[in-house]
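Student: Can we go through this one together? I'd like to start with the inside.
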Amino acid sequence: MDIKTASALRRLRLASVPEAASWLLLIVCTILKYTTDFNAVPVLGPVHGVLFILYVLFWLDAWNRTKWSFGTAALYFILSIVPTGGFIADRRLKREAEAVVIAARARREGVVNA
């Protein structure tokens, strides 16, 4: 893996938190819609939809670049569906991206033959 792979993971990570936050807000607004007169669903629905589409596009790019197994790729997709899963994905992706950067620097400096 290289720096471009780390960039793909970073993009996915940057999309995961806003997508998860918008999903949680959409759930709260849906509850409020049916219990009060407050209705932000027409605004938050499309916002969440765009963020979810971005997440899926970045997920596909990261899957292509990292050559994840089907199980790992499925895990990151499922985390996008679970309301707090984006926060979990963010932590996992951060660790994975840091490992990729460290390995790429080590290869570039000739420390390892990985």
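Student: Which residues touch the most other members of the largest nonpolar core?
Tutor: This is a predicted model. The largest nonpolar core has 17 residues. Leu9, Leu12, Tyr55, Trp59, Trp68, Tyr76 and Leu93 touch the most other members.
Student: Which helices supply this core?
Tutor: Helices H1 (3-35), H2 (41-66), H3 (70-81) and H4 (85-108) each give at least two residues. H1 provides the largest share, five residues.
Student: Why would nonpolar residues gather like that?
Tutor: In soluble globular proteins, nonpolar side chains tend to be buried together.
Student: Back to Leu12. What does Leu12 touch?
Tutor: Skip residues up to four places away in sequence. Leu12 then touches Tyr55, Phe58, Trp59, Ala62, Trp68 and Leu93.
Student: New topic. How do the axes of H3 and H4 cross?
Tutor: At roughly 145°, and the two axes come within 7 Å.
Student: Which residues make the contact?
Tutor: H3 uses Leu75, Tyr76 and Leu79. From H4 come Gly85, Gly86, Ile88, Ala89, Arg92, Leu93 and Glu96.
Student: And how many of each class in the contact of H3 with H4?
Tutor: Six are nonpolar, two are polar and two are charged.
Student: Last one, Thr5. Where is Thr5?
Tutor: Thr5 sits in helix H1.
Student: Is Thr5 buried or exposed?
Tutor: Buried, because its relative accessibility is 4% and buried means under 20%.
Student: What is Thr5 in contact with?
Tutor: Arg65, Thr66 and Val100, leaving aside neighbours within four places in sequence.

Key
Residues numbered from 1 in each chain as written. Predicted model: local features only at pLDDT ≥ 70, side-chain atom pairs only at ≥ 80, totals over all residues. Heavy atoms only, no water. Core = buried A, V, L, I, M, F, W, Y, C linked by side-chain atoms within 4.5 Å. Buried < 20%, exposed > 50% of the residue type's maximum accessible area, 1.4 Å probe, protein only. Helix = DSSP H or I, 4+ residues; strand = E, 2+ residues; numbered from the N terminus. Contact = heavy atoms within 4.5 Å. Axes fitted to C-alpha atoms, helices over the stretch in contact; angles between N-to-C directions. Nonpolar A, V, L, I, M, F, W, Y, C, P; charged D, E, K, R; others polar.
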